[in-house]
Amino acid sequence: MKIAVFKETRNAETRVAVTPDTIKKLAGAGHEIRVEAGAGLAADFPDEAFREAGASIAETAQQAAAGVDAVFCVRLPEGGSLAAIPDNAALIGLVAPHDNGEEIRQLAARGVEVFACEFTPRITRAQSMDALSSQANLAGYRAVLEAAHAYGRAFPMMMTAAGTIAPARVFVMGAGVAGLQAIATAKRLGAQVSATDVRPAAKEQVASLGGKFVAVEDEEFKEAETAGGYAKEMSDEYKAKQAKLVAEHITKQDVVITTALIPGRPAPRLIDAEMVASMKPGSVLVDLAVERGGNIEGAELDRIAQKDGKSIIGYANLPGRLPADASSLYAKNLLAFLPLVTAEDGAYAPDWDDEIVAGMVLTKGGEAVHDAVKG
Ligand code: NAD
């Protein structure tokens, strides 16, 4: 297969969809990789490293894409790069189907078959391909470092000759992949960590990382997990009880990190302005759900908002702040997925009966086939 990788442009993306390591493996499997010049620079992979690994470097996206069977991307390409994708090629990446329906339907009309990494099924066999998890893990880690950086005090307890520094109290809301890594990272930094989630399975996971679990554990909570392991939208009654509990807990916290998401829906609002106001001056909040509407009132996209002496960090792309590692893991996710759309002779030939392929495909045979992108 001939595979193109463009320089990412959407949302100032720093990640790249291949690394020298995956290029070597792709070339070893007989694929030909063409990378647009400069595509890996922001992630510390110079063109030379790609070339040495076995890729060829093209001056433009158009030259990289000419005649390829597939394009690997992080974000959906835009402008000239989007137009450069050859008709009938495959496009694989984190294409944000819920946000980019129109562009994806236009790709469908050109016969492009689009696969969304967002829809990798959460089954054991797909774990190595699961880009949401690989990136969420890094986002959770980075969220704690951003908070520690913005916080005017130390995280660990320190007993010094000049006096004792109290440990920071960190509260993590949403104990999925990102939240669990945030708990682990904050613990490693010496903070006192508590966490909440609406899925009962999260309780034990939080405890196993040394965090204290804080939640309204009523009948609704006990059934709040879908078969896929995701959260359900909670009733207004539950939300009110949860908000009351959180409001009491939050006044004693120094740092709050929110990661709560419900697939296909706007992020649940967990913290209102009043709760922010109730926190001590100097407290820091980080909203990982800011791109999906935000968990925290007052969070602003890609900014640190200041509200009554508290900082609310709203960076949308936290994995992109660790571009080298994020790219390495993401590129491996794509490498692991590729065999599912490849015939034995190396040609592009998706196995449409495969549960993973069927879950990720957005467009095929000239049409949008996934509900998320049907017009
Ligand atoms: P996510 O990104 O969809 O959401 C983040 C967290 O927010 C979830 O834990 C969710 O329960 C929580 N949340 C939603 N609404 C909330 C609210 N009102 N208050 C508090 N928390 C709320 O979740 P995720 O990180 O993708 O993980 C979801 C589950 O899937 C986890 O159990 C994870 O371990 C599991 N998982 C399984 C696999 C696999 O088996 N291959 C891979 C990845 C994740």
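## Crossovers and strand pairing

β2, helix α2 (residues 47-53) and β3 form a β-α-β unit that is right-handed, a label given when, with the strands pointing away from the viewer, the path from the first strand over the helix to the second runs clockwise. The model is a predicted one, in which local features need pLDDT of at least 70 and side-chain atom pairs count only at pLDDT 80 or more, while totals for chains, interfaces and linings use all residues. Residues are numbered from 1 along each chain as its sequence is written, and side-chain values use heavy atoms, with hydrogens and water left out. Helices (H or I, at least four residues) and strands (E, at least two) are DSSP runs, numbered from the N terminus.

Strand β3 (residues 56-58) runs parallel to β2 and is joined to it by three bridges, pairing being assigned where DSSP finds at least two bridges between two strands; in this pair, E36 stands opposite A58 of β3. Strand β2 (residues 32-36) has four of its five residues buried, where buried means under 20% relative accessible area, exposed over 50%, and partly exposed in between (1.4 Å probe, protein chains only). Strand β1 (residues 2-5) also pairs with β2 in the parallel sense, over four bridges, and V35 in β2 is the bridge partner of V5. Between β1 and β2 the chain passes through helix α1 (residues 20-28), and this β-α-β crossover is right-handed.

## The cavity

A search of the whole structure finds one cavity of 30 Å³ or more, a cavity being a set of points, on a 1 Å grid over the protein atoms alone, where a 1.4 Å probe fits but cannot get out. The largest cavity holds about 60 Å³ of space, the volume being that filled by probe spheres set on points joined across faces, edges and corners.

Its lining, made of residues with an atom within 4 Å of a point, includes F6, K7, R10, F72, C73 and S81. The lining residues divide into five nonpolar, two polar and five charged, with Asp, Glu, Lys and Arg counted as charged, Ala, Val, Leu, Ile, Met, Phe, Trp, Tyr, Cys and Pro as nonpolar, and the others, Gly among them, as polar.

## Cysteines

With a disulfide taken as a pair of cysteine sulfur atoms within 2.5 Å, the count comes to zero. C73 is in no disulfide, and the nearest cysteine sulfur, that of C117, lies 7.5 Å away. C73 is buried at 1% relative accessibility, and C117 is buried with a relative accessible area of 2%.

Methods:
On a 1 Å grid over the protein atoms alone, a cavity is a set of points where a 1.4 Å probe fits but cannot get out, and a pocket is an open set with protein on both sides within 12 Å along at least five of seven lines; lining residues have an atom within 4 Å of a point.
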